[in-house]
There are 2 protein chains.
Amino acid sequence: MALIVQKYGGSSVADAEKIANVARRVADSAAGNQVVVVVSAMGKTTDGLVDLARQITPSPDPREMDMLLATGEQITTALLAMALQRLGAKARSFTGPQAGLRTNSAHTTARITRIEPWRVRQALDAGEVAVVAGFQGLSEEDEIATLGRGGSDLTGVALAAALKADVCEIYTDVDGVYTADPNIVPDAKKLDRVSYDEMLEMASLGAKVLQSRSVEFAKKWGVPVHVRSSFKRDAGTLVTREERGMEEVVVTGVTHERNQAKISILRVPDRPGIAATVFGAIAEANIVVDMIVQNISRDGYTDMSFTVPRADFQRAVTALQGVSAKVGAQGVLSDERVAKVSIVGVGMRSHSGVASRMFATLAREGINIQMISTSEIAVSCVIEDKYAELAVRALHDTFEVGRARASAG
Amino acid sequence: MALIVQKYGGSSVADAEKIANVARRVADSAAGNQVVVVVSAMGKTTDGLVDLARQITPSPDPREMDMLLATGEQITTALLAMALQRLGAKARSFTGPQAGLRTNSAHTTARITRIEPWRVRQALDAGEVAVVAGFQGLSEEDEIATLGRGGSDLTGVALAAALKADVCEIYTDVDGVYTADPNIVPDAKKLDRVSYDEMLEMASLGAKVLQSRSVEFAKKWGVPVHVRSSFKRDAGTLVTREERGMEEVVVTGVTHERNQAKISILRVPDRPGIAATVFGAIAEANIVVDMIVQNISRDGYTDMSFTVPRADFQRAVTALQGVSAKVGAQGVLSDERVAKVSIVGVGMRSHSGVASRMFATLAREGINIQMISTSEIAVSCVIEDKYAELAVRALHDTFEVGRARASAG
């Protein structure tokens, strides 16, 4: 008998009929297994609650916001428990606090500090399906706190870790992780397996399937995560520790992120503390910087470039212009129409020449590379936005992505 | 500095604008006072949740139903706390469990067992308005439990008792307790004061303002309850312990309850245990019986009559027919078009002839009395439904209801 944690997102539980469908699927798994189900709020419920709060005040208190938002998942748990009982299954719902998720006090973006899932265990021991509200826990001050974006996935992975579950299944509207976006690359293939590190690079580089936060947690605690479709019965992609054979594949996936903007601050005096001043100003404006590149300095001056989401572009430029004058830089250059393309694969560690093959591929297509950044298992290039799809297709072809892994799967 | 508990019902907090209005009113009270606010779910929220549950299953588990319904009040608390903060007031929301309401385990109809409102006190001591979710508490098994009908009023009264508040203000869509229904009796007057016992008779006899459950609790703990309008600033009706002078008024109010049905079981053998058998069958069908009348027996047989809400009429008759045969009664007689009119007043204790004046008044109007029932401070008659309004007007006139009390007020 396996212990399985399943997580269903908001679109999978958007109405009573969809909840009944999920219940059928859970009941099937519960025949012969112990099952914990983590659920999100129904469909657009959270948006509706946020909208209500905005009607009341432009700047809702985070503690009260959590009190408000946590109701969304609670509603789903009760309804799913009812739906399971209707099918003859034993089931019991739990809020995040009841399930023993303890968090720090950073309301609306709380972090899990520990899990004491004794009530969940009790339910499982009694032969019940435990239905747990995702996205929420109890803070050190015994307040309801929510985990922020991707919080329900994280709840699933964290509960799986605490309960030593055999697998955490993440049900979503895609059927797994692909070698590239199938909308762009028609012969993109679903990956049977992908390592935590590869998934981390893919998550942070634009594959929307799974938040990097959950992957990091899964990696740390060794939780196998199975990303699969809510609507199909086929196996999806298993995110797991690195396995023999994975290194034989050089590139596991090609990812891209559009809607990026690039900003450069020119001829900055190259003194200690300058980078902190520059990025301190951006952080103060609550803008998340993605890629940062600084080249060697010449004559005591250097150029710094970075990318931000296009939505934050104007605010970032405004913040930067103040800093530019303050630190005695020459000025700010910006381009709000760039994209980032990346190749990812644990095999890069043991294969040389991967980056240069990437650059050559882009050159062959007449695509100019504006910025380059590398990690141990990924190479990313910033290019003009309009070339994004062309670049992804060309790279997918060059590295024959998915062909080797598919045969290994 | 007074400590005030205020309770606002669902229609007072039906949307963001109404919540902002309530916030202004609470903020005014909070200037110079400590204030605890108890709120219901917004408008039709609870109906919506019940409907969702019914889409899932015809017989939702009570424990899961409570998990579901408790979210309604929680949403209101968070929004009202935000609205208060927007006005510059300090405020903090609490679920029923957080506010320390402990209940028994009768899900969907739980009873309050004790209150440990230390978090509420802490908030008050910190100069905050405590906004508490009505209708809910934490059961002995640490489950969320709801209090059933009138549960939010009860939460207000119970918190006022536990905190030794100076008053519990119940805000509603009427501006107080009237000597009769103003829609029927144009010169009905608002009562400035009414005793707990009178209010109890009026609550159970059809005045919809306050549930008898809350009045009983208020009486037991001596909590003054002020019933007043959410929309006007005028004082409403204070429900309080009996005071000197109240007895001088014979009749404080005339109440009526329509949509009643009368059922008689004829020539029942007059043996011990027969009444238990008859009403046991009705209770098993989950029907609440209101008035019960049994006259002296003749030749070892007696007739029993009782009233039920008209909606339960058919089910009650069906349940009775089985019993009738079993106990050897002659049969069942029923009338689904009756109403009950009552006169209520603590002065009846010391004034004789009140009942006969009532009967004479009804006779003068040509209204036949079908059943009579009396308590220490009330007389009730069951009459043909179509005469209900006429009877109320005539009785209000005969006893000059409101005239003496209005001058005393």
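## Helices α10 and α11 of chain B

In this predicted model, helix α10(B) passes helix α11(B) in a right-handed crossing. The two helices, α10 spanning residues 354-364 and α11 spanning residues 388-398 of chain B, have axes that come within 10 Å and cross at roughly 130°, and α10(B) and α11(B) are therefore oblique to each other. From α10(B), the residues that make the contact are R357(B), M358(B), T361(B) and L362(B), and these meet A391(B), A394(B), L395(B) and T398(B) of α11(B). Sorted by class, the residues of this contact of α10(B) with α11(B) comprise 5 nonpolar, 2 polar and 1 charged.

The spacing of such contact residues can be read against the geometry of the helix: an α-helix has 3.6 residues a turn, so residues three or four places apart point the same way.

## Helices α2 and α3 in each chain

In chain B, helix α2 (residues 45-56) packs against helix α3 (residues 62-86) at an angle of about 150°, and their axes lie 9 Å apart. This angle is over 145°, the limit above which helices count as roughly antiparallel, and α2(B) and α3(B) are therefore roughly antiparallel to each other. Their crossing is right-handed. On the α2(B) side the contact involves T45(B), T46(B), L49(B) and A53(B), which meet M65(B), L68(B), L69(B) and G72(B) in α3(B). The residues of this contact of α2(B) with α3(B) fall into 5 nonpolar, 3 polar and no charged.

In chain A, the axes of helix α2 (residues 45-56) and helix α3 (residues 62-86) come within 9 Å and cross at roughly 150°, so that α2(A) and α3(A) are roughly antiparallel to each other. The crossing of α2(A) and α3(A) is right-handed. Here T45(A), T46(A), L49(A) and A53(A) of α2(A) meet M65(A), L68(A), L69(A) and G72(A) of α3(A), and the contact of α2(A) with α3(A) has, by class, 5 nonpolar, 3 polar and no charged residues.

## The contact between the chains

Chain B and chain A each bring 25 residues to the contact between them. On the side of chain B that touches chain A, at least two residues are supplied by each of α1 (16-30), α2 and α3 of chain B. Of the elements of chain B, α3(B) gives the most to this side, with 14 residues. By class, the residues of the side of chain B that touches chain A divide into 15 nonpolar, 7 polar and 3 charged.

## The nonpolar core and V132 of chain B

In soluble globular proteins, nonpolar side chains tend to be buried together. The largest nonpolar core in this model holds 254 residues, and the members that touch the most other members are V37(A), L80(A) and V132(A), together with V37(B), L80(B) and V132(B).

If neighbours within four places in sequence are left aside, V132(B) is in contact with V36(B), V37(B), V38(B), T77(B), F94(B), G96(B), A99(B), V120(B), T155(B) and L159(B).

D197(B) lies in helix α6 (residues 196-204) of chain B. This residue counts as buried because 22 C-beta neighbours lie inside 10 Å of D197(B), where 20 or more are needed. Not counting residues up to four places away in sequence, D197(B) touches E242(B), V346(B) and I377(B). D197(B) and V344(B) are 147 residues apart in sequence, and in space their C-alpha atoms are 9.3 Å apart.

Helix α7 (residues 212-221) of chain B contains several buried residues, namely R213(B), S214(B), V215(B), F217(B), A218(B) and K219(B). After α7(B) comes G222(B), whose phi is positive, near 65°.

## Positive phi in chain A

Most residues other than glycine have a negative phi, and most peptide bonds are trans. Against that background, T108(A) has a positive phi near 75° and is a residue other than glycine. T108(A) is found in the loop between β4 (101-103) and β5 (112-115) of chain A, and T108(A) is partly exposed because 17 other C-beta atoms lie within 10 Å.

N259(A), also not a glycine, has a positive phi of about 55°. The place of N259(A) is in strand β13 (residues 253-269) of chain A. With 16 other C-beta atoms within 10 Å, N259(A) is partly exposed.

Technical notes: Residues numbered from 1 in each chain as written. Chains lettered and ligands numbered in written order. Predicted model: local features only at pLDDT ≥ 70, side-chain atom pairs only at ≥ 80, totals over all residues. Core = buried A, V, L, I, M, F, W, Y, C linked by C-beta atoms within 7 Å. Buried ≥ 20, exposed ≤ 12 C-beta atoms within 10 Å, placed from the backbone. Contact = placed C-beta atoms within 7 Å. Axes fitted to C-alpha atoms, helices over the stretch in contact; angles between N-to-C directions. Helix = DSSP H or I, 4+ residues; strand = E, 2+ residues; numbered from the N terminus. Parallel < 35°, antiparallel > 145°, perpendicular 65-115°, else oblique. Left-handed = near helix turned anticlockwise from the far one by under 90°. Nonpolar A, V, L, I, M, F, W, Y, C, P; charged D, E, K, R; others polar.
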